[in-house]
Protein chains: 2
Amino acid sequence: MIARSPSLTEQVMTHLKDRIVRGDFPDGRIPAETELAADLGVSRTTVRDALSRLEHEGVVVRKQGAGTFVNAAGLQITSRLEEIWSYEDVLRDHGYTPSVEVLRLEREPAGPDVASVLGLAEGDEVLVVEKLFRENDEPVVLTVNMIPGTLAGSPKRRDARAPIYRFLADQSGRQLAYYLSDIVPVALQGERAATLGVAPGTPAISFEETGYDTEDRPVLRAASFFRDDLLRFRLIRRKAV
Amino acid sequence: MIARSPSLTEQVMTHLKDRIVRGDFPDGRIPAETELAADLGVSRTTVRDALSRLEHEGVVVRKQGAGTFVNAAGLQITSRLEEIWSYEDVLRDHGYTPSVEVLRLEREPAGPDVASVLGLAEGDEVLVVEKLFRENDEPVVLTVNMIPGTLAGSPKRRDARAPIYRFLADQSGRQLAYYLSDIVPVALQGERAATLGVAPGTPAISFEETGYDTEDRPVLRAASFFRDDLLRFRLIRRKAV
DNA sequence: CAGTGGTCTAGACCACTTT
DNA sequence: AAGTGGTCTAGACCACTGA
């Protein structure tokens, strides 16, 4: 709850972002590192740290010998794939005001695939949490999460509306540290197509992912299905260094 | 002892990668930054730079106060989405030894979408380069590239087998700087399905992307289709900082 | 050529985790 | 308390770009 004062680097980042948004650099050129350092009263190292992180975020581009420039393309990226964490936030980033409904919350025996990924024996119990995210009654994202039964108590539907990483932390105390995600093309069928409000056979992207806690133990298996017409993933690809 | 050319930072990176692969850190724990700096005879800043980049690549994880650790999950990532540049390399990373065939190389009038993206008038000529990447006669990736007609001479089929960024550089002198890519689910139909050797209606992922040169001018529109059973994209997602 | 970002050093103190 | 990574400084030289 205590707001720790942002680091100098972070303050420089916000400062630069603000100026970019404000249109302080109409030609897209950002002042030289030494100049910024002098103006802001910090060391060039700190400025460079901030610029590195902004470059990593896709906000600016640096060209040796030439200068640092605002990256117009980066402003088009609404969701950076590697930082997706809560679908509610993703939808908000897209300008939506999402609602969440818990479609399913029950225990069932794990199938062989899920058991293997989560390090369980086949037939061990998993808790299934199925959620639908809507914008104005229009379904956009459907997620199916499976958690080892031993890592959950007897949650109420209301509890399950929280982002899954928070739900998991509340139930088990385990912190979700990272996901390993496969991007998989699917054709939506049957009930799943109906839930998302599309015709059977509609092609869609599914993220199939395994979540690990801070000690690299698998704690979550999830699949997410998207309405491609309402939610599109975009990324920048640059030549590797 | 250590020489120039690859930067010190890069040498430290390769050194650490080698030791990781060699199994020098059986418990997954990497020596402290100060220790590495002393051992290698470089400053801690250089070591930190190397570790930052390895962390960014997903090779290691750093935990404040605890240490730096090998990231087992990162070793499973064969293709980092944000660094895809040549599909031949992507396939090689997957352990394949790909071959390339140029299926199509001809000029045609641009449709409205392509014209708009490339900043052309509808009907202006674009050069279409369609390539198929195979592993052992098995088709894996199909790419369709469109370049403004003014940016290409009269290339031969042989020229078009090179990676598209090199082809573009050879033809026009323009350097491809980055791509803006949409990840789109499609159902493969007709000729395209046949070319990739799958049943009509098979769901697939398509990368729809626009390539820009170093001066942010659009120079390339491309779409790529994948055999999901042969080429899978995987990524790590971590909590944003 | 002057000016830019890229690399590197040596050292200081802080925030956090583990013992 | 000891040890780790995180932040920050001040300064040096190099590699590259552009006029």
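## Around DNA strand C

Let's start at the DNA: by class, the surface near DNA strand C is made of five nonpolar, eleven polar and seven charged residues. Here "near" means that a heavy atom of the residue lies within 4 Å of the strand. As for classes, Ala, Val, Leu, Ile, Met, Phe, Trp, Tyr, Cys and Pro count as nonpolar, Asp, Glu, Lys and Arg as charged, and the others, Gly among them, as polar. This is a predicted model, where local features need pLDDT of at least 70 and side-chain atom pairs count only at pLDDT 80 or more, while totals for chains, interfaces and linings use all residues. Residues are numbered from 1 along each chain as its sequence is written, chains are lettered from A in the order in which they are written, and side-chain values use heavy atoms, with hydrogens and water left out.

Of the 23 residues around the DNA strand, Arg44(A), Leu8(B), Thr9(B), Ser43(B) and Thr46(B) come nearest. On the DNA side, 64% of the atoms within 4 Å of the protein belong to sugar or phosphate, and the rest to bases.

An N or O atom in the side chain of Thr9(B) sits 2.7 Å from a phosphate oxygen of DNA strand C, and one in the side chain of Ser43(B) is 2.8 Å from a phosphate oxygen. Gly65(A) goes for a base instead: one of its backbone N or O atoms lies 2.8 Å from a base nitrogen.

H3(B) gives the largest share of this surface, three residues. Helices are DSSP runs of H or I with at least four residues, strands are E runs of at least two, and both are numbered from the N terminus.

## The nonpolar core

Now for the greasy part. The largest nonpolar core has 34 residues, and Leu81(A), Phe207(A), Leu81(B) and Phe207(B) touch the most other members. Such a core is a set of buried Ala, Val, Leu, Ile, Met, Phe, Trp, Tyr and Cys residues joined through side-chain atoms within 4.5 Å; buried means under 20% relative accessible area, exposed over 50%, partly exposed in between (1.4 Å probe, protein chains only).

## Strand E9 of chain A

E9(A), residues 218-226, is mostly covered, with seven of its nine residues buried. E9(A) runs antiparallel to E6(A), with six bridges, and antiparallel to E8(A), with seven (strands pair if DSSP finds at least two bridges between them). Phe225(A) in E9(A) stands opposite Leu142(A) and Ser206(A).

Terms used. Polar contact = N/O pair within 3.5 Å; in protein donor to acceptor, adjacent residues only side chain to side chain.
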